[in-house]
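Student: I've got a model open and I'd like to talk through it with you. Can we go from the overall fold down to single residues?

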Amino acid sequence: MFHNYISQQHPRGVCDITPSEKNMAAGSLVRVALLTANVCRSRRLSAGRSVQRRGIASCIDPSHGLTDEQKEFQKVAFDFAANEMAPHMAEWDLKEVFPVETMRKAAQLGFGGIYVQPDVGGSGLSRLDTSVIFEALSTGCVSTTAYISIHNMCAWMIDTFGSEDQRQRFCPQLCSMEKFASYCLTEPGSGSDAASLLTSAQHQGDHYVLNGSKAFISGGGDTDVYVVMCRTGAKGPKGISCLVVEKGTPGLSFGKKEQKVGWNSQPTRAVIFEDCAVPVRNLLGEEGQGFTIAMKGLNGGRINIASCSLGAAHASVELARDHLLVRKQFGETLSNNQFLQFKLAEMATDLVASRLLVRRAAVALQEERADAVPLCSMAKLFATDHCFNICNQALQMHGGYGYLKDYAVQQFVRDIRVHQILEGTNEVMRMIISRSLLTES
């Protein structure tokens with residue numbers, strides 16, 4: 001159906017659709033363009049080493065409840081994960097490779113600006129669509145997908161709160177991943193207490209002069225665009241503004257590359273500002289709006305990172321199942337051990353429950369419902385906690401083999417452990433949820 005529709009609209013042929021024509025598409029046309037890109041690249045994808053897996057058990061099938069359209073781009077994401085990411089996941093982790101070219105291939109499928117508007121190169125998809133895509137991609141590499149999710153969040157922030165000039169200057173290159181973005185909120189002295197940040201931006205003529213530093217910045221030093229929360233006014237959240245700082249700006253520098261437990265396919269560094277002059281036209285929104293922009297970005301970020309946890313957990317359940325079916329101890333396969341059967345059942349149940357909550361929160365955020373913020377916090381809390389436990393249990397089921405880097409399950413454990421910390425710690429998620437319960441009349 002999608003192939004025929006595009007062929008009718010573009011008699012030159014499916015693979016001759018120009019980028020400008022894709023950017024002009026809206027609504028369902030954007031989704032069609034995304035799928036069409038995959039059709040045109042199928043021969044190149046097939047050249048990669050595919051990962052052989054058993055069929056997905058129906059009770060944990062992530063396509064349940066999705067529209068036909070959503071199932072199609074979910075398959076696109078699963079195929080990309082299997083062919084372009086999974087074969088390289090261990091190498092990227094070991095050698096700490098930032099896979100720029102692979103991410104640009106993902107951008108060709110529309111994954112560089114999934115929920116950015118089409119007029120600036122985005123795919124114009126919903127938050128639920130985005131969750132489905134990130135879950136699928138994470139089965140191939142959590143670390144890389146997590147960075148792509150942060151990049152998407154930054155692009156969305158510019159698209160949503162930026163002027164038309166800013167949208168046209170930054171978003172097209174971000175959506176194509178010609179340029180990459182980083183989110184700069186956390187500082188050495190302000191993590192969970194983000195409103196206490198100290199990085200200052202003094203308005204001097206047609207520039208803001210930044211001084212201060214940001215910590216734990218994903219992509220720091222390797223990316224091109226930094227969405228920076230800084231203080232332009234008094235203490236507290238109302239004194240915070242948001243500036244877009246471009247790499248190469250005098251006064252912008254970076255700390256050493258951090259050595260991390262996981263997330264090794266994306267670099268992490270401190271971002272340092274020393275009398276860094278940023279043009280006033282790079283102010284996102286208005287002065288004093290920065291904290292609001294940051295929090296709105298994080299609401300979606302929490303759904304995104306929870307979705308990445310879902311992908312890791314889904315892959316780990318399948319790895320555990322496959323191991324139980326072939327590993328023999330005491331004369332029979334581990335799949336005959338009732339204790340392990342029960343553990344596998346609990347893992348599958350927690351996976352499906354987590355997925356349902358994440359998707360409910362994604363819909364609430366898309367619809368801008370009053371319960372969106374606590375639901376995003378619930379989804380992040382529940383999914384990242386339970387999905388980590390699923391991956392950890394899968395490792396345990398592998399025994400000593402699970403602790404070897406030859407087995408993917410250990411990397412899923414290492415990569416998603418940080419999901420309980422970033423985008424707001426799970427302790428902060430509990431604060432947000434309880435505050436919602438106790439303050440609503």
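Student: How many helices and strands does the protein chain have?
Tutor: Keep in mind that this is a predicted model. Counting along the protein chain gives 15 helices and 10 strands.

Student: What share of the residues in the protein chain is buried?
Tutor: The cut-off for buried is under 20% relative accessible area. Apply that to the 441 residues of the protein chain, and the buried share comes out at 54%.

Student: And of the contacts between residues at least 6 apart in sequence, what percentage join residues at least 24 apart?
Tutor: Start from the contacts in the protein chain that link residues at least 6 apart in sequence. Then keep those whose partners are at least 24 apart, and you're left with 75%.

Student: Let's do strands. Which way do strand 2 and strand 3 run, parallel or antiparallel?
Tutor: Strand 2 covers residues 200-204 and strand 3 covers residues 207-218, with 5 bridges joining them. One of the pairings puts Ser200 against Asn211 in strand 3. The two strands run antiparallel.

Student: Which residue in that hairpin of strand 2 and strand 3 takes a positive phi?
Tutor: Look at the turn, where 2 residues sit between the strands. The phi there is near 65 degrees, and the residue is Gly205.

Student: Strand 3 has another partner, strand 7. How many bridges join strand 3 to strand 7?
Tutor: Strand 7 spans residues 268-279 and runs antiparallel to strand 3. In this pairing Gly212 stands opposite Phe273 of strand 7. The number of bridges is 10.

Student: On to helices. At what angle do helix 8 and helix 12 pack?
Tutor: Helix 8 is residues 127-138 and helix 12 is residues 338-366, with axes 7 Å apart. On the helix 8 side, the residues in contact are Arg127, Leu128, Ser131, Val132 and Glu135. The packing angle is about 145 degrees.

Student: How many residues of the contact of helix 8 with helix 12 are charged?
Tutor: Helix 12 brings residues including Arg355, Val358, Arg359 and Ala362 to this contact. The residues of the contact split into 6 nonpolar and 2 polar, and the charged ones number 4.

Student: How far apart are the end C-alpha atoms of helix 5?
Tutor: Helix 5 runs over residues 68-85, which is 18 residues. At 1.5 Å a residue it should span 26 Å. The model agrees with that, because the end C-alpha atoms are 25 Å apart.

Student: Is Glu96 buried, exposed or partly exposed?
Tutor: Glu96 lies in the loop between helix 6 and helix 7. Its phi is positive, about 55 degrees, although Glu96 is not a glycine. Most residues other than glycine have a negative phi. With a relative accessibility of 22%, Glu96 counts as partly exposed.

Student: What is the relative accessible area of Glu368?
Tutor: Glu368 is found in the loop between helix 12 and helix 13. Glu368 also has a positive phi of about 55 degrees without being a glycine. It is exposed, with a relative accessible area of 72%.

Student: Which side chain makes a polar contact with the side chain of Ser143?
Tutor: Ser143 belongs to helix 9 and is buried at 1% relative accessibility. Its contacts beyond four places in sequence include Trp263, Asn264 and Asp415. The polar contact, at 2.7 Å, is with Ser265.

Student: Ser265 and Thr144 also join through their side chains. What is the length of that polar contact?
Tutor: Ser265 lies in the loop between strand 6 and strand 7 and counts as buried at 3%. Among the residues Ser265 touches are Trp92, Phe98 and Cys141. The polar contact of Ser265 with Thr144 is 2.9 Å.

Student: Last one: how far apart in space are Ser316 and Ile390?
Tutor: Ser316 sits in helix 11 and is buried, at 0% relative accessibility. Ser316 is in contact with residues including Cys391 and Ala394. In sequence Ser316 and Ile390 are 74 residues apart, but C-alpha to C-alpha the distance is 7.2 Å.

Conventions: Residues are numbered from 1 along each chain as its sequence is written. This is a predicted model: local features need pLDDT of at least 70, side-chain atom pairs count only at pLDDT 80 or more; totals for chains, interfaces and linings use all residues. Side-chain values use heavy atoms; hydrogens and water are left out. Two strands pair if DSSP finds at least two bridges between them. Helices (H or I, at least four residues) and strands (E, at least two) are DSSP runs, numbered from the N terminus. Axes are lines fitted to C-alpha atoms, for helices over the stretch in contact, and angles run from 0 to 180 degrees between N-to-C directions. Contact means heavy atoms within 4.5 Å. Ala, Val, Leu, Ile, Met, Phe, Trp, Tyr, Cys and Pro count as nonpolar, Asp, Glu, Lys and Arg as charged, and the others, Gly among them, as polar. Buried means under 20% relative accessible area, exposed over 50%, partly exposed in between (1.4 Å probe, protein chains only). The expected span of a helix is 1.5 Å times one less than its number of residues. A polar contact is a pair of N or O atoms within 3.5 Å; within protein, one must be able to donate a hydrogen and the other to accept it, and residues adjacent in sequence count only if both atoms are side-chain atoms.
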